[in-house]
Amino acid sequence: MLALSLCTILLAAGLASAAGLPVIDRAPASRALDGQELLRIGDLHAIQNHFQEAMPYYQRALAVFRGAGNRRGEATALGSMADLLERQGRYEEAGPLLREVVTIRAAMADPLAHGRALLSVGRVSEASGQGAAAQRAYEQAEALFQQARDRVGRGEARIRLGRLLTGQDLVVEGRALLQAALADARERADRGQQVLALSAIGDGYLREGAGAAARPLFEEGLALAEAQQDLRAEAGLRARLAGLAGEGGRSGESMAMARRALALYQTLKDRGREAETWALLGSLALAEGNFVLAAEQHERALTLYRALRDQNKEAASLVNLALIYEAQGLRQDATETQHKAILLLQSSR
């Protein structure tokens, strides 16, 4: 008889976990996993950003729910699959799944779930550059939340719609929605939505070149974000304030704000925002005439954009470096770097 392996003996004795060996949780052999169990396993993988492992469990859950005629479970599984795709930036794949969810939720006459599904459709449509579709989704979501008397959902829909409209230069309409959402969030003491509304209103003023009007909004939002310990919101607001301080000639304040934003994005492991902040620091250093530091910081941004395969921003970093070389009198380096930027832009078309 062959000797049992150490792992088999430990498993039989219930000592595998104590020995540091992996233990696989398995459902009893007498039955298959049900839809809810499959969803929970998928969620465990999704929380750890194990996208490839999570998706098959959501797909299996969807099949189970469809086989049982469980429409609520079907909508949940579809929404979970769409969320995974959205987190990977695969918006065009997520869209059809979310539209299925909307159809199911509408048939169930559940305005809250229907509204939340429409918010997801709007978010994905907006990320895909489909502004009109996003606007319709947000408007429908707002009406459903109003019907359900859900002020939190209505506030989110208003903020998303107001920000979208402001970005499309429909400033009057967008700002009115954002101001209404801000007033309601203040009444409810909802700090999170206050931060979002203040940031969006401030961004609208920035687009108009009204930095003086934007600054107090960003400062108020920053205080709230710090109180909430919302690192992402704090980083974004500090980066905005750093840019405004730099434009106002307050170099010490701008550098301090930008460095704090950089540290936060590094903590959050957001490489895209980290790259943007390195570029901001490079521009601030260039404005002070510190060419060596400016070049170093733009090179850091360039390295990250290359790793992210963002050719447009990689080209922008090269242009910034060319400007620094030109300012230093390094004309050959400037010309060669400009040529690299042009080649990149041509290849990305």
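Axes here are lines fitted to C-alpha atoms, for helices over the stretch in contact, and angles run from 0 to 180 degrees between N-to-C directions. This is a predicted model, in which local features need pLDDT of at least 70 and side-chain atom pairs count only at pLDDT 80 or more, while totals for chains, interfaces and linings use all residues. Residues are numbered from 1 along each chain as its sequence is written, and side-chain values use heavy atoms, with hydrogens and water left out.

**View 1. The whole chain.** The protein has 17 helices and 0 strands; both are DSSP runs numbered from the N terminus (helices H or I, at least four residues; strands E, at least two). Its C-alpha trace spans about 80 × 65 × 40 Å along the principal axes. Of the 349 residues, 42% count as buried, where buried means under 20% relative accessible area, exposed over 50%, and partly exposed in between (1.4 Å probe, protein chains only).

**View 2. Helices α15 and α16.** The axes of α15 (residues 291–308) and α16 (residues 311–327) come within 9 Å and cross at roughly 165°. The two helices are therefore roughly antiparallel to each other; angles over 145 degrees count as such, those under 35 as roughly parallel, 65 to 115 as roughly perpendicular and the rest as oblique. The crossing of α15 past α16 is left-handed, a term for a near helix turned anticlockwise from the far one by less than a right angle, with clockwise giving right-handed. Residues making the contact (heavy atoms within 4.5 Å) include Phe-291, Ala-294 and Tyr-305 of α15, and Ser-317, Leu-321 and Ile-324 of α16. They divide into 11 nonpolar, 3 polar and 4 charged; Ala, Val, Leu, Ile, Met, Phe, Trp, Tyr, Cys and Pro count as nonpolar, Asp, Glu, Lys and Arg as charged, and the others, Gly among them, as polar.

View 3. His-298 is buried, because its relative accessibility is 1%. Leaving out residues up to four places away in sequence, His-298 touches Ala-279, Gly-282, Ser-283, Ser-317, Asn-320, Leu-321 and Ile-324.

**View 4. Two nonpolar cores.** A nonpolar core is a set of buried Ala, Val, Leu, Ile, Met, Phe, Trp, Tyr and Cys residues joined through side-chain atoms within 4.5 Å. The largest has 45 residues, and Val-195, Ile-201, Phe-218, Leu-237, Trp-278 and Leu-281 have the most contacts inside it. A second, separate core of 38 residues includes Met-55, Phe-65, Leu-78 and Leu-119.

**View 5. Arg-154 in helix α8.** Arg-154 lies in α8, residues 151–167. Its relative accessible area is 15%, so Arg-154 is buried. Beyond four places in sequence, Arg-154 touches Glu-142, Phe-145, Gln-146 and Asp-184.

**View 6. Arg-188 and Ala-189.** Arg-188 is in helix α9, residues 171–188. Apart from residues up to four places away in sequence, Arg-188 touches Arg-151, Val-152 and Gln-193. Ala-189 is in the loop between α9 and α10 (191–207). Ala-189 has a positive phi, near 55°, and counts as exposed at 59% relative accessibility.

**View 7. Asn-49 between α2 and α3.** Asn-49 sits in the loop between α2 (35–47) and α3 (51–68). Phi of Asn-49 is positive, near 60°. Most residues other than glycine have a negative phi. With 47% relative accessibility, Asn-49 counts as partly exposed.
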